[in-house]
Amino acid sequence: MTVAASAGPSYFAEGAGIRAWLTTTDHKRIAWLYLVSLTAFFFIGGAAATLIRIELVTPAGDLVSDDSYNKLFTIHGIIMVWFFLVPSIPATLGNFLLPLMLGARDLAFPRLNLASWYVFIFGSFFTLYAVIAGGVDTGWTFYTPLSSMFSNSHVSAAAAGVFIVGFSTIMTGINFIVTVHKLRAPGQTWFRLPIFVWTLYATSLVMVLATPVLAATLLLIILDRLFGIGIFDPSQGGDPILFQHLFWFYSHPAVYIMILPGMGVVSEIIPCFARRPLFGYKAVALASMAIALLGFLVWGHHMFVSGQSSFAGVVFSFLSFCIAVPSAIKVFNWTLTLRKGTISFETPMLYALFFLGLFTFGGFGGLFLAALAVDVHLTDTYFVVAHFHYIMVGGMVTAYMAGLHFWWPKITGRMFSESWGRIAAVTSFLGFNLTFFPQYVLGFLGMPRRYHTYPPEFAFWHILSSAGAVVLAIGYLLPLFYLGWSLFKGPRAPANPWNATGLEWQTRSPPPKHNFDTPPEVIGPPYAYGPPVEGERGAPE
Amino acid sequence: MSGESAHQGEGTGIQATGEFGVFIFLGSEALLFGGLILTYVVARLHHHEAFVGGSAELSLVTGTANTAILLTSSFAIALATIWGEEGKDNRARLALAVTAALGLLFLCVKAYEYYDEAQRHVLPVLGLPFDYSGPDPQHARLFFDAYLALTGTHGLHVLTGIGLVLTLTLGWKRLGRPAHWLKLGALYWHFIDVIWVFLFPILYMVR
Amino acid sequence: MGNIAFHPLEASTLAPQVDLLFYTLLAFSFALGTFLVFLVVRYSVLYRTGSGADRTGPRGRHIVIEVAWTSASALIALGIFIWGASLFLERDNPPTGAIEIQGFAKQWMWKFEHENGRREINELHVPAGKPVIVKLGSEDVIHSLFIPAFRVKQDVVPGMATSLWFEATKPGTYDLFCAEYCGTEHSRMRGHVTVMTDQDFAAWLAASPSSQTLAEEGAALFRSYGCSGCHGPGGTVRAPRLEGVFGHPVALADRRTVIADEAYIRDSILNPTKDIAAGYDPIMPSFKDLIEEDDLMRLVAYVKSLGTAGKASP
């Protein structure tokens, strides 16, 4: 479908100057506000990780002090989880694309959208203050009574920052849910929605329902530290494990907030570059909802050795295996999408395929951890660190890169250098594996996590891991340069450079402020790629 | 501005969209209070005797009075909503002012309650002395911790609600569709009321 | 380079059982992973743009395939779950006749006490071939006792009694770690488990029988090191009396006030000129390098027992 080449200014051109950008209610510009902030936070968190990996090259703690090291891994976790991963795809790609994918002019509540960014920035001030004033050293998990009674670091400030940022998450979630319900294009029934929309919807449900529990938990810590109510203090009848239940009740669903959007991105990219519809569309859509729901029921698998009852452990282990099933279904469906396709390997597809491998490998680690008797040995070791980094970095960050590259022409109106893109993708893939595969081994060997110094027999694997981190860092730094360069010098992008389906490709690149010159209609299922095959055009009608 | 983009597709209008959004927000608030209440319930199941004793220290009279005040304020804002829809702007604003006043009264009564409890040394906060003479003082303290956390969070929400109501009252003329915003604000106010209706019996009436 | 570890030692009855499940999971993951990689690579090559492969026809019957791999995944998951759970539940069933050891965790050390009173710090001696239960308690924050070679781990939670049991099989020395982040020196809160043969263990245990508390032993040391000469009732030199000191504020010569906690007592013994008590001359000799760590611990326990009326605020 051809789109008129120039029928008016793009959203970039309408309203210039800092003030216009900072007071915009255009979802596309707000996506940029988030993109810039999140990129900054990613590199701050990455800097902490770099220092950690440098320290761990040698068994002795000779680069920084014990306290500094503890503050480094704490701030790495806090920033990466709450100031990068949770908002990443939803607040950047989601904000930009959701209205476009629904054929809408904007989200349901554009001013709420801008407010969510300001709340995010306001919250970040508290956490950044905590870092600059001397740091936090409780770990991103804030376990009590260490955090509520013993730590001398800036716990309340950091917790307040996360508390405030949680509101930003809830606002985004509300906005997305209402938008998906109320603003779909004519003819766009639920089972004609792209999977990216399904996953954003599932993610938003989790955001809205889980984040308040984090708010309650952080509130209790702050009340304990500042007002001494002693709710987690055993000498006053309190229960430290209560904190863990409350914390993980949020934080487990939070990891699904972090991965579901990535699964959505990959579900858009693979059909496009394989030129075939997504295999089992309905199964993938429903599996996304199942993951969101089941995600609320498994929090106790972080607590198998915490002192919770064995019975509880058994129940949580069972439910954790249940949640492996919908994820496995998705992996099989993505793989089979390739069959009888016409596959090309542009940068977004490379990232998407790497996601497939790394996410699966991380998922296997999850099976080990869900198996109770094995978890007793592996929990609190580097095995867990490897598992969640495979999913969060190998999975989520890779998917983020995939989406950024896939929709870059739409968002900026420019094409990036395909060669550099591929180099970056392969570099980050190789670097990632070299960094984190040794950590699976370290965990099995018994290397505990959050250790500043360690026994010498672990040194070999740490050296490998740190070497990998160097390569990984290069892989993540490269896009800064070639994507940034493309903003100014990249060739102009057509409306649909990848020949993809989806409403967002039916408008100009970059889109006008009001998104569509003529509002689109939806007449058939998504992923209408390739030759029509009996019984297989996207979703069943 | 939030209206324009709601005119497409299967949207059923501005009103429905705004209300839908507020309901989802209230869902998240329900989880916030739900989490705290669940914590309280679990603690109470474990230490029943201590919680009975702790609850006896609270003033049932004051709690009942506060419940009445809050319920009346909900009635006031409901009246305001109806008048707002009928175009009776001045009456609506009057009812809103009454709502805010009642909310403020609720907070004053609560503050007095906290003061009285602090005097009787049953408010374990900010290092104040805690002399509890009933059974199982260690776990009774947990009751008062929970009481503080629950009523404190609720009180913050009442304060926010008062702010919202005052903004509506005073800024009525400057709003594009004041009756619409009033309806959304009323939803929030009713929700806070409902939360109190849960908190009151579980805190004050443990027997 | 000769010190590279590739797999953890197996030194308990549990270890081989856990490892069997672990390696089964590894084999399954490897098999399924290889299969998926094979599929992706095969499709990528076979169906790449420009290849003459046959792309006509459906890609398989959707509903049959979905049901098939869903059921297969569910069954395998169920199997692994049952295996893991049943092995896990044995944690709750230590064999009868087990030796009991008390384990105390505090920032940042492990203290173990055997049945006959013998104490160890950051070291744990156990016999091979006999079940051992370690009853755990924490004095401050959550710690976790982790012995990788035994495949056991248990969080140590303040205010809660937890325990961990194992039966060691091979004599040797193995790592012991704290596995729950507990503050500044978390990574230094580690030591060794020494597994000995039954006879060697009996001999070791008998070598220093002790039925006194730490404080009682400290009282004896207070005399044998000469502390009572100045700090005791008949002292000729004017020195602060230590009754009622611990846990209370102490006015110092430089006008500061500190709370006399364990760190203060330790410093007073090892570095007495650091915080001089107001009104006294700085004449106490230093006992640095003259007192072993465990004796120091006993002395501190003794001074603590002289004046505990509430601990210092955290």
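Of the 541 residues in chain A, 66% are buried (20 or more other C-beta atoms within 10 Å of a residue's own, with C-beta atoms placed from the backbone; 12 or fewer is exposed, in between is partly exposed). Keep in mind that this is a predicted model: local features need pLDDT of at least 70, side-chain atom pairs count only at pLDDT 80 or more, and totals for chains, interfaces and linings use all residues. Residues are numbered from 1 along each chain as its sequence is written, while chains are lettered from A and ligands numbered from 1 in the order in which they are written.

**Chain A overall**

- Chain A has 16 helices and zero strands (DSSP runs numbered from the N terminus: H or I over at least four residues for helices, E over at least two for strands).
- The C-alpha trace of chain A spans about 70 × 50 × 45 Å along its principal axes.
- Take the chain A contacts between residues at least 6 apart in sequence: 84% of them join residues at least 24 apart (a contact puts two C-beta atoms, placed from the backbone, within 7 Å).

**The sheet in chain C**

- Chain C holds an open, mixed sheet of five strands in the order β4-β10-β9-β6-β7 (strands pair if DSSP finds at least two bridges between them).
- From one strand to the next, the twist averages 20° (axes are lines fitted to C-alpha atoms, for helices over the stretch in contact, and angles run from 0 to 180 degrees between N-to-C directions).
- β6 (143-147) and β9 (172-178) of chain C run antiparallel and are joined by two bridges; F146(C) stands opposite F177(C) in β9(C).
- Helix α3 (198-206) of chain C packs on the sheet, touching β4 and β10 (191-196) of chain C, and its direction makes about 130° with that of β4(C).

**Who touches whom**

- Two pairs of chains are in contact, and chains A and C share the most contacts.
- Between chains B and A, 34 residues of chain B meet 41 of chain A.
- On the chain B side, α1 (14-46) and α5 (137-170) are the elements giving two or more residues, and α1(B) has the largest share with 13.
- That side of chain B, where it touches chain A, has 14 nonpolar, 15 polar and five charged residues (Ala, Val, Leu, Ile, Met, Phe, Trp, Tyr, Cys and Pro count as nonpolar; Asp, Glu, Lys and Arg as charged; the others, Gly among them, as polar).
- Chains B and C have no contact, and their closest C-alpha atoms lie 11 Å apart.
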